[in-house]
Amino acid sequence: MRLPGVLARIEALKAVKRPAFWVTMGVFAAFNTIANFAPGGGSERAGFPDAWRGIIEPAINLGPVFLAALMILLFAPEFRWRTARQNVIDGLSKEQFYWAKVLLLAVLVALFFVTSVVIGTLPFVLDPGGGGGTFVEPMDLNYMLGFVVALLLWSTAGLMISALVRAAGAGLGSALPLFHL
């Protein structure tokens, strides 16, 4: 297995064993499901291709915030728990350790995007409505690209804050002004 595969396996093992990962993903999925199945959303929208903006909109409001918080919760405790030092002792360089975090960031962005699209399209699978024409129009791709860029920006901010602060609570506290809460 090459280095990116090893780094991905290390980060996946650490992430799936953390309750913070499952709780954050579960709450994000719950909020996304509620927003898509609520009256005025989900199955009451027009069919494809007009539905994509409504599918992405609930996720773009909360997804980047949840992802930034998840990056802080997954990365910052590694300094307190000394797993960052242990990875370097076990043979990873500091650069490889940080590349593993960037790889984790990319995987989490893809996971949040896929979760949002799957949950957003469920109302159409369960109750297909009208629509026709193409499945995705160029303007819809702009919405999706904007969502991915927002996820990347916020998760990168969470990664940077957790690398600077090195504590989950303090990292979340210093990220609160960014979240506009």
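Phe97 counts as buried, at 3% relative accessibility. The model is a predicted one. Buried here means under 20% relative accessible area, so Phe97 falls within that class.

Phe79 is buried as well, with a relative accessible area of 12%. What kind of pair do the rings of Phe79 and Phe97 make? Their planes stand at 80°, so the pair is edge-to-face. The ring centres are 6.4 Å apart. The cut-off for a pair is 6.5 Å, so these two rings qualify.

Arg166 lies over the face of its ring, at 4.1 Å from the ring centre.

## Other aromatic pairs

How many aromatic pairs are there by this rule? The count comes to 10. One of them joins Phe21 and Trp22. Their ring centres are 5.0 Å apart, with 80° between the planes. This pair is edge-to-face.

Trp22 counts as exposed, at 52% relative accessibility. The cut-off for exposed is over 50%, so Trp22 passes it.

## A cluster of rings

Which residues do ring pairs link into a cluster? They are Phe28, Phe31, Phe66 and Phe112.

Note on methods. Residues are numbered from 1 along each chain as its sequence is written. This is a predicted model: local features need pLDDT of at least 70, side-chain atom pairs count only at pLDDT 80 or more; totals for chains, interfaces and linings use all residues. Side-chain values use heavy atoms; hydrogens and water are left out. Rings of Phe, Tyr and Trp (its six-membered ring) pair if their centres lie within 6.5 Å; planes under 30 degrees apart count as stacked, over 60 as edge-to-face and the rest as tilted. Buried means under 20% relative accessible area, exposed over 50%, partly exposed in between (1.4 Å probe, protein chains only). A charge sits over a ring if NZ of Lys or CZ of Arg is within 6 Å of the ring centre and within 35 degrees of the ring normal.
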